[in-house]
Amino acid sequence: MTSAKTGLTLPRRKALLGAAGLAASPLVVAPLGAPFVARAAEPIRIGVLLAKTGQIAAQTEYLANGTFLAMHERNNTLMGQPAELVWLDEPTPQAATQNMQKLVQENKVVAILGGSLSSNALAEEATAAQLKVPFVCDNAAATEISGKNCNRYTFRLNTPVAVQQRMITPYALSYGKRWYHITASYAFGQDILRQSRALLKAAGGTEVGSDEAPLNTADFSSFILKIRQAKPDVVVGGLSGGDLSTFLKQWNELGMKGKIPFVEIAIGDTDIWAVGPEAATGTYTSLWYYKNPDNPPEEKAFADAYQKKYRKPAADKAWMGWITARSVFDSIDAAKSTEPMAIIEAMEGWKVQAGKSSYSYRKFDHQMLMQNLAVSVKDNITDKWDYFDVKATLPANSAELDKVFGTEAEIGCNMG
């Protein structure tokens, strides 16, 4: 059976392993007098725990595609043995933890990649520690994931909210010090609101209004009318996925585009593609952009491979799925083991140099250290995929990453 979203055959089918998998399969010794029979080795399984429906599904399709592409590039093998991915849904925090248990106890996965939303990821990382399985959170950005809620089994890619908010604040302040906040009423948005308010206060600014919107809000018009009445210098957002796209569309429909600037962290390419060129606006942080002229050769090759395989550009989430999958696959190969602590120790030592950039997980909090981008929507969008101008790399000097991400004392992570 083939997945309509990924275009890849689902992992339970051993036939997918192909010649490379058969070559790695050992011969099983038969009882005396019986013929020898070639049997396929039980594959090494990696779990994928990403939402398949809901407002975040447009992003998770790319996360999954990037993950499957990383496995495809290794010819579906790890440690010279057949390997496969098992993808289960994460519709709610409770259901996600149940599926995490299923991945470990029934599917016998040796590591899990996932965490679409912060609310899911916070529940999943606690479950990973209980199940003693390495878990790499590839999308969620809530600060506490690698902060006060950290544990030895959890690694995280996305730059924490607190760090990204510090990165974007100078851009918001460039418009003025009277801010209006519109954020999601769950962990990600609440974290943004808390961090942004503190930074605004430190800059001597004023919050002229604030609203927290439920997930999957269909009508933002009442919020937008309140913003228009408050007349802020800038709107600081904290909406994710489809909610951000819906807000920006309605912002344009009510004639607000170009009237008041909009600034937010952690934009996803799929978020802005869903808005359309007429309504798109704003300045954002982004982990990666496929059109960034400073992308190293390895990442340009990844973007080309993705375009060839899926017939569309690699969104930022595709790269996020790809790099986190690589970190797990590389570490299993380096450890030459599927034992949890062997994988964890290998991941703590994992580092990739990509041009002038490098990627690694910090040992004391398992947070990936990497530069972010500041991107702004182009004034004139002529390509249905290419919406952004890259304004800056943050921080400009990669040697400052440790300082920007915070010290061990500031982070508050205690793995015990």
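Helix 5 and helix 6 are oblique to each other, because their axes cross at roughly 45 degrees, and oblique here is what remains once angles under 35 degrees (roughly parallel), over 145 (roughly antiparallel) and 65 to 115 (roughly perpendicular) are set aside. Before I go on, a word on the model: it is predicted, so local features need pLDDT of at least 70 and side-chain atom pairs count only at pLDDT 80 or more, while totals for chains, interfaces and linings use all residues. Residues are numbered from 1 along each chain as its sequence is written, and side-chain values use heavy atoms, with hydrogens and water left out.

Back to our two helices. Helix 5 covers residues 161–173 and helix 6 covers residues 187–202, and their axes come within 9 Å. Those axes are lines fitted to C-alpha atoms over the stretch in contact, with angles running from 0 to 180 degrees between N-to-C directions. Helices here are DSSP runs of H or I with at least four residues, strands are runs of E with at least two, and both are numbered from the N terminus.

Which hand does the crossing have? It is right-handed, meaning that the near helix is turned clockwise from the far one by less than a right angle. On the helix 5 side, Val161, Ala162, Gln165, Arg166 and Thr169 make the contact; helix 6 brings Phe188, Asp191, Ile192, Gln195, Ser196 and Leu199. Contact means heavy atoms within 4.5 Å. By class, there are five nonpolar, four polar and two charged residues.

Pairing takes at least two DSSP bridges between two strands, and strand 14 has four to strand 15, residues 357–361. Across that pair, Val352 stands opposite Tyr359.

Finally, some backbone geometry. Most residues other than glycine have a negative phi, and most peptide bonds are trans. Where are the exceptions I picked out? Lys231, with a positive phi of about 55 degrees, sits in the loop between helix 7 (221–230) and strand 11 (234–238). Lys231 counts as exposed because its relative accessibility is 62%, exposed being over 50% (1.4 Å probe, protein chains only). Ala266 also has a positive phi, near 60 degrees, and belongs to the loop between strand 12 (262–264) and helix 9 (269–275). The peptide bond from Leu394 to Pro395 is cis, with omega near -10 degrees, and Pro395 lies in the loop between strand 18 (388–394) and helix 13 (401–405).

Terms used: Ala, Val, Leu, Ile, Met, Phe, Trp, Tyr, Cys and Pro count as nonpolar, Asp, Glu, Lys and Arg as charged, and the others, Gly among them, as polar. Buried means under 20% relative accessible area, exposed over 50%, partly exposed in between (1.4 Å probe, protein chains only).
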